[in-house]
Amino acid sequence: MATLQSLALASPVAQHLQHQTRSFSGSGSWAVNKSSYSLFNGQSLCLPRLQLPLIRRKLRTSGLVTMMVKPAIQFVQGADEQTVPDVRLTKSRDGTNGMAIFTFDQPSVFDSSAEVGDITGFYMIDEEGILQSVDVNAKFVNGKPERIEAKYIMRTPREWDRFMRFMERYANANGLQFVKK
């Protein structure tokens, strides 16, 4: 408590208030606040109410603001993957869960991995947010990176619908077409 009191007395606010208290009450002593509900027995501070100017802004709002984000896939956050993947979808018979398998042949992340960093996951980004997975595997041929395979698992119909909305946006932006086999 000695530390709290010494800091309180040393602060410019406390010195200013002590000066104001002297001018109003005529005594230089501060009252010690003893509360039955608190173990703190320090000096009570009475701060004057500040008169701040009222700032009013007239905002013209014509409705909701929708931000459009170009759908992107990233292996390193902040670096979009330029290679368009081959995507295979599977769904359970009852429709409760499913899996998407993305295959990237010669992905651009291998070209820029020295500049942007290591692969940290699989991120699908659109205007609704981010879908992510850590199930990412790289295939090497003769010691050189050849392919990346990423899996995204959907465990509920809601996750499936969200993924399909992302894929529709991503397909439209990258010229993909759905082919049912």
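Reader: Why is E128 called partly exposed in this model?

Author: The structure is a predicted model. E128 has a relative accessible area of 38%.

Reader: What makes the contact of E128 and R165 a salt bridge?

Author: The N to O distance between the two side chains is 2.8 Å. The criterion asks for a side-chain nitrogen of Lys or Arg within 4 Å of a carboxyl oxygen of Asp or Glu, so the pair of E128 and R165 qualifies. This pair links distant parts of the chain: E128 is in the loop between β5 and β6 (129-133), R165 is in helix α4, and they are 37 residues apart. R165, at 36% relative accessibility, counts as partly exposed.

Reader: What makes R169 and D126 a salt bridge, and where do they lie?

Author: Their side chains meet at 2.7 Å, N to O, and the cut-off is 4 Å; the pair therefore meets the criterion. R169 is in helix α4 and D126 in strand β5 (residues 122-126), 43 residues apart.

Reader: Which residues are linked in a network of salt bridges?

Author: The network links D126, E127, E128, R162, R165 and R169. A search of the whole structure finds 8 salt bridges.

Reader: Why is R147 said to tie together separate parts of the chain with D105?

Author: The closest N and O atoms of R147 and D105 are 3.2 Å apart, and the two residues form a salt bridge. R147 lies in strand β8 (residues 144-154) and D105 in strand β4 (residues 98-105), so the pair ties together parts that are 42 residues apart in sequence. R147 has 34% relative accessibility and D105 has 46%. Both values fall between 20% and 50%, so each residue counts as partly exposed.

Reader: Why is F178 called exposed?

Author: F178 has a relative accessible area of 63%. Exposed means over 50%, so F178 is exposed. The place of F178 is in the segment after α4.

Reader: What lines the largest pocket, and which residues lie nearest its centre?

Author: The lining has 16 residues, of which V87, R88, L89, F178 and V179 lie nearest the centre. The elements that give two or more residues to this lining are β3 (86-91) and α4 (157-174). α4 gives the most, with 5 residues. The lining residues divide into 10 nonpolar, 1 polar and 5 charged. The volume of the largest pocket is about 660 Å³.

Reader: How do you know whether F75 is buried or exposed?

Author: F75 has a relative accessible area of 0%. Buried means under 20%, so F75 is buried. F75 lies in strand β1 (residues 72-76). The C-alpha atoms of F75 and Q132 are separated by 9.7 Å, although the two residues are 57 residues apart along the chain.

Methods. Residues numbered from 1 in each chain as written. Predicted model: local features only at pLDDT ≥ 70, side-chain atom pairs only at ≥ 80, totals over all residues. Heavy atoms only, no water. 1 Å grid on protein atoms, 1.4 Å probe; cavity = no way out; pocket = protein on both sides within 12 Å on 5 of 7 lines; lining within 4 Å. Points joined across faces, edges and corners; volume = space filled by probe spheres on them. Helix = DSSP H or I, 4+ residues; strand = E, 2+ residues; numbered from the N terminus. Nonpolar A, V, L, I, M, F, W, Y, C, P; charged D, E, K, R; others polar. Buried < 20%, exposed > 50% of the residue type's maximum accessible area, 1.4 Å probe, protein only.
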